Every structure is written in C-alpha cells, then in structure tokens.
Amino acid sequence: MTTSTAHRADHQLREEILYWCRESVRTGLNFNTQGNISVRLPEHEAIVITPSGVRYDVLTPEQMVVVGYDGRVVEGDLFPSTETDVHLAHYRARPDVHAIVHTESPYVNMFGAVGRAIDPVLLNMVLYAKGAVPVMPFEFSTNADFGERSAAAMGADVNAVVWANHGLLSVGQDLAGAFKVAVAVEANAQVLFGALQLGTPRLLELADIVIPEGARLP
C-alpha cells in the first residue's frame with residue numbers, strides 16, 4: 001500500500017473519526033487527550049487511528065495515523081495512540097468488528113473502580129452492547145498482551161469491556177455503531193447507579209426484547 005493510496009482510501013474515514021472524537025468530548029465521554037478511536041481499512045490490511053497526545057479540538061484529519069496489521073506505521077508524521085496494539089488485538093479477535101472507541105466515561109469508571117460488571121437496565125444497552133459489560137482487572141494498557149486479555153474478557157457476543165480504573169472500550173461494525181455502544185453503556189451505568197440507590201433494579205436480557213418486524217432501532 002503506497003502512501004497516496006492509503007490517503008485516498010481513508011480520507012473520508014479520517015474526517016469521520018475526527019467528528020466522533022469531538023462528539024466524545026461534547027458528550028462528556030472523554031476530556032483533554034484521553035481516549036482513542038480507530039477504523040479498519042480491510043482492503044489495505046491496516047487501521048486508521050488517532051495520534052497520541054493531541055487534543056481533539058486542534059486535531060486535523062491529516063494527523064490521523066495509518067498502521068498496518070503488523071503494527072508498523074504506514075502513513076503519518078505523529079505517533080499513533082499508545083493503545084494501538086490493544087486495538088489491533090481486538091480486531092484480530094473479532095473479525096466482525098470494523099471500528100473501536102475507547103472512552104473515559106465517568107459512570108462506567110465508577111463501576112470499573114469497584115470491579116463491578118455493568119448490568120443492562122436500559123433497552124439501548126441490550127440492543128447495542130448486547131448484554132452485561134464485564135470488567136477486567138486493572139493493568140497498564142499499552143501492549144498487545146493487555147489487548148488479548150481485553151478481547152478475551154469482552155468475548156465474542158458482547159460489544160464492550162470496562163478496563164478497571166481506566167474507562168471503556170466499545171466496538172461496532174462501523175464507527176457510528178461503536179459510538180452508540182459507548183453512549184449506551186455510559187447512560188446505562190448512570191441509570192444503574194441511581195437505581196441501585198433506590199432498590200433492586202429489573203435487569204434486561206436480549207431474550208426479553210421482541211422487536212416487531214420492520215421496526216427501526218432507536
């Protein structure tokens with residue numbers, strides 16, 4: 001893959017990634033330079049990922065970094081996210097995943113800080129996350145071994161995993177879908193936190209939901 005080919009292939013994705021980066025700040029899921037986002041470029045055996053240490057309000061599409069499946073930078077002048085190897089491990093584990101969003105969602109982090117899985121109490125949590133979101137024990141998150149353990153904790157059926165004391169990683173078939181998962185899990189964590197103060201929440205399961213034929217998801 002040549003540099004020019006990579007640039008043509010992912011220019012629109014670069015702009016989309018930047019949009020969702022800024023949305024993550026606007027919606028309170030990230031702050032400062034926290035979090036990271038990536039999208040597959042399957043035709044080039046590479047991913048486009050946010051660079052390390054750049055605030056989203058000054059980030060430009062051209063500063064996104066293209067990294068091959070082998071972890072080598074194919075295009076870009078900046079260092080890729082320090083969690084690039086973690087993203088790559090998740091892509092290897094889940095061929096169905098084409099986008100990843102990592103956030104520092106506050107209510108998610110409350111559950112992560114006490115090591116408590118986030119059980120579904122809202123419809124969107126079940127529709128997008130597909131079930132209870134597990135918590136993996138705290139460890140430094142900038143290597144492939146961590147990524148493999150994170151992917152194993154998430155499993156093949158659920159679309160998110162909480163990193164204890166360090167936020168949420170969500171996945172989707174596209175970037176909008178992965179972001180919907182992140183939003184759904186944070187909203188669910190906030191409601192679950194409050195519901196636990198009031199009593200015993202009624203938990204939802206995918207089997208509880210009958211979607212009428214032809215219905216559009218929220």
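## The largest pocket

In this predicted model, the element that gives the most to the lining of the largest pocket is α6, with three residues. At least two lining residues each come from α4, β8 (168-172) and α6. The lining has 16 residues in total, and those nearest the centre of the pocket are Tyr-128, Lys-130, Asn-159, Gly-172 and Gln-173. By type, the lining residues divide into six nonpolar, four polar and six charged, and they surround a space of about 310 Å³.

## The second largest pocket

The second largest pocket has a volume of about 250 Å³, and its lining is made of 19 residues, with Thr-33, Gly-35, Asn-36, Thr-82 and Glu-83 nearest its centre. This lining divides into four nonpolar, 13 polar and two charged residues.

## The nonpolar cores

The largest nonpolar core has 40 residues, and among those with the most contacts inside it are Ile-17, Ile-118, Leu-175 and Val-185. Several elements give two or more residues to this core, including α1 (3-26), β1 (36-41), α3 (106-114) and α6 (175-198), and the largest share, nine residues, comes from α6. Leaving aside residues up to four places away in sequence, Val-185 touches Val-108, Ile-118, Met-125, Ala-129, Val-133, Ala-160 and Leu-168. A second, separate core of 16 residues includes Ile-47, Ile-49, Phe-146 and Met-154.

## Asp-119 in its loop

Asp-119 lies in the loop between α3 and α4, and it counts as partly exposed because its relative accessibility is 24%. Not counting residues up to four places away in sequence, Asp-119 touches Ala-132, Asn-188, Leu-192 and Leu-203. Asp-119 and Asp-145 are 26 residues apart along the chain, and their C-alpha atoms are separated by 27 Å.

Key:
Residues are numbered from 1 along each chain as its sequence is written. This is a predicted model: local features need pLDDT of at least 70, side-chain atom pairs count only at pLDDT 80 or more; totals for chains, interfaces and linings use all residues. Side-chain values use heavy atoms; hydrogens and water are left out. A nonpolar core is a set of buried Ala, Val, Leu, Ile, Met, Phe, Trp, Tyr and Cys residues joined through side-chain atoms within 4.5 Å. Buried means under 20% relative accessible area, exposed over 50%, partly exposed in between (1.4 Å probe, protein chains only). Helices (H or I, at least four residues) and strands (E, at least two) are DSSP runs, numbered from the N terminus. Contact means heavy atoms within 4.5 Å. On a 1 Å grid over the protein atoms alone, a cavity is a set of points where a 1.4 Å probe fits but cannot get out, and a pocket is an open set with protein on both sides within 12 Å along at least five of seven lines; lining residues have an atom within 4 Å of a point. Grid points are joined across faces, edges and corners, and a volume is the space filled by probe spheres set on the points. Ala, Val, Leu, Ile, Met, Phe, Trp, Tyr, Cys and Pro count as nonpolar, Asp, Glu, Lys and Arg as charged, and the others, Gly among them, as polar.
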